[in-house]
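User: I would like to go through this model with you, one site at a time. Could you take my questions as they come?

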Amino acid sequence: MSKILPSQKHLFELEDDVIYLNCSNMSPLLKSAKQAGIRGLELRAKPWNIRAADFFDNGEILRKDVAQVFQTSGDNIALIPSASYGLATAAKNLKVRSAKSILLLENQFPSNYYVWEQLAAIQDLKIITVRKDPSKGLTECILECINSETGIVAIPNCHWMDGARIDLEKISEAVKSVKAFLVLDLSQSLGILPTDINSIDPDFAVSVGYKWMLGPYGLGYMYVAPRWHHNAEPLEYSWQTRKDSDDFTSITQYSSEYRTGARKFDMGEYSQFNTIQMAIAGAKQILEWGVDAMQSSVSAITRIISDRLDFNHGSYAGHIISIPIAGTDVEMLKKTLADNKIFISYRGSFIRISPHLFNSADDAELLMKCVSLAS
């Protein structure tokens with residue numbers, strides 16, 4: 001078992017009396033990331049100080065650090081503005097026989113639905129929605145729906161609404177057995193849940209950077225399996241993705257070749273100067289703590305809640321948990337939480353709790369006390 005880390009709240013831009021339990025929405029900034037962003041803005045403010053290398057070097061640093069979180073090579077990572085951008089890139093390249101199906105989860109996050117709805121219309125495919133059976137795990141429900149008619153399986157590592165966990169290696173094995181494609185949205189798991197992407201071996205996997213990767217809004221990541229490096233097209237055609245683009249003296253000697261690996265899928269203007277430095281600070285802090293230790297530490301907090309609710313903690317990711325509020329005086333609950341400066345997400349008939357290392361066991365205890373008062 002990985003070590004349990006003490007609260008790291010002092011490293012984040014959080015007031016002492018704020019209890020923030022909503023990292024699934026957006027992480028507070030690390031102080032180091034804020035300072036890195038300021039340094040980047042200072043560079044951008046004086047463009048005469050920007051060197052040709054500044055358009056590329058930080059991208060390579062970030063690519064390498066993010067690759068370690070994915071547990072893969074930096075050559076397999078592209079820098080993208082959003083999960084939807086990466087998913088659109090995947091959809092552009094996946095050619096599926098007419099009448100086959102795209103497997104999605106019930107109540108999947110919209111960005112990982114609309115793109116497949118559009119692809120289904122274009123390629124005459126069927127959308128199959130996997131519904132959760134309370135008597136089974138989510139992995140089993142997905143496996144039961146994968147068959148010879150499956151063309152694409154597009155899923156997360158855990159459900160964004162309640163943290164229900166999916167065994168991606170089992171899913172990958174089933175997907176390959178029917179010669180389908182696997183596309184992952186890891187926005188609610190990358191950086192907090194250990195992910196061995198090489199073992200899972202999806203075709204594409206995307207993640208935003210502003211949640212568990214502790215980075216800025218507007219800069220995310222895409223894993224592209226090596227088999228797609230040469231056989232897929234990018235979503236856009238930026239000058240920075242071309243071979244020898246770092247040589248400004250020959251920039252108009254147009255090249256039909258791309259930079260190596262997944263760099264051909266980078267978004268235009270990925271250099272960004274301020275946000276890229278913030279993203280580097282977030283990734284380096286994650287690597288310093290270690291994803292295994294982070295998951296164990298955050299799981300210790302959510303376990304306090306799951307033990308009170310008496311449900312199986314093991315079938316859920318340790319960093320997201322939901323609390324049913326049916327029968328609760330919701331207005332009173334909202335007031336009680338606000339009075340105690342506790343921030344969570346309301347999701348229909350339950351509230352979603354997603355702590356990080358800026359939380360402690362005391363935060364979970366106070367939350368449960370507030371819920372009890374409103375029940």
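User: Which residues does asparagine 112 touch, not counting residues up to four places away in sequence?
Analyst: Asparagine 112 touches Leu87, Leu104, Ala154, Ile155 and Asp185 on that count, where contact means heavy atoms within 4.5 Å. Please note that this is a predicted model, in which local features need pLDDT of at least 70 and side-chain atom pairs count only at pLDDT 80 or more, while totals for chains, interfaces and linings use all residues. Residues are numbered from 1 along each chain as its sequence is written, and side-chain values use heavy atoms, with hydrogens and water left out.

User: Is asparagine 112 buried or exposed?
Analyst: Asparagine 112 is buried, at a relative accessible area of 1%. Buried means under 20% relative accessible area, exposed over 50%, and partly exposed in between, with a 1.4 Å probe and protein chains only. The residue belongs to helix H4 (residues 111–123); helices (H or I, at least four residues) and strands (E, at least two) are DSSP runs, numbered from the N terminus.

User: What about serine 172, and what does it touch?
Analyst: Leaving aside residues up to four places away in sequence, serine 172 touches Leu182, Ile200 and Asp201. Serine 172 is in helix H6 (residues 168–177) and counts as buried, with 4% relative accessibility. Its C-alpha atom is separated by 9.1 Å from that of serine 199, which is 27 residues apart from it along the chain.

User: Changing topic: how do H9 and H11 pack?
Analyst: Helix H9 (residues 291–309) and helix H11 (residues 361–374) pack at an angle of about 30 degrees, and their axes are 8 Å apart. Axes are lines fitted to C-alpha atoms, for helices over the stretch in contact, and angles run from 0 to 180 degrees between N-to-C directions.

User: Which residues make that contact between H9 and H11?
Analyst: H9 contributes Ile301, Ile304, Ile305, Arg308 and Leu309, and H11 contributes Ala361, Ala364, Glu365, Leu367 and Met368. These divide into 8 nonpolar, no polar and 2 charged residues. Here Ala, Val, Leu, Ile, Met, Phe, Trp, Tyr, Cys and Pro count as nonpolar, Asp, Glu, Lys and Arg as charged, and the others, Gly among them, as polar.

User: On to the rings. How many aromatic pairs are there?
Analyst: The count comes to 14 aromatic pairs. Rings of Phe, Tyr and Trp (its six-membered ring) pair if their centres lie within 6.5 Å; planes under 30 degrees apart count as stacked, over 60 as edge-to-face and the rest as tilted. Among them, tyrosine 113 and tyrosine 114 are edge-to-face, 5.9 Å centre to centre with 70 degrees between the planes. Tyrosine 210 and tyrosine 217 form a tilted pair, 4.6 Å centre to centre with 50 degrees between the planes.

User: Tyrosine 210: buried or exposed?
Analyst: Tyrosine 210 is buried, at 16% relative accessible area, whereas tyrosine 217 is exposed, at 61%.

User: Which residues do ring pairs link into a cluster?
Analyst: The cluster consists of Phe55, Phe56, Trp239, Phe248 and Phe273.

User: One last point: what is the phi of leucine 214?
Analyst: Leucine 214 has a positive phi of about 60 degrees, although it is not a glycine. Most residues other than glycine have a negative phi. Leucine 214 lies in the loop between strand S7 (204–207) and strand S8 (220–224), and is buried at 0% relative accessibility. Glutamine 272 also has a positive phi, of about 55 degrees, and is partly exposed at 23%.
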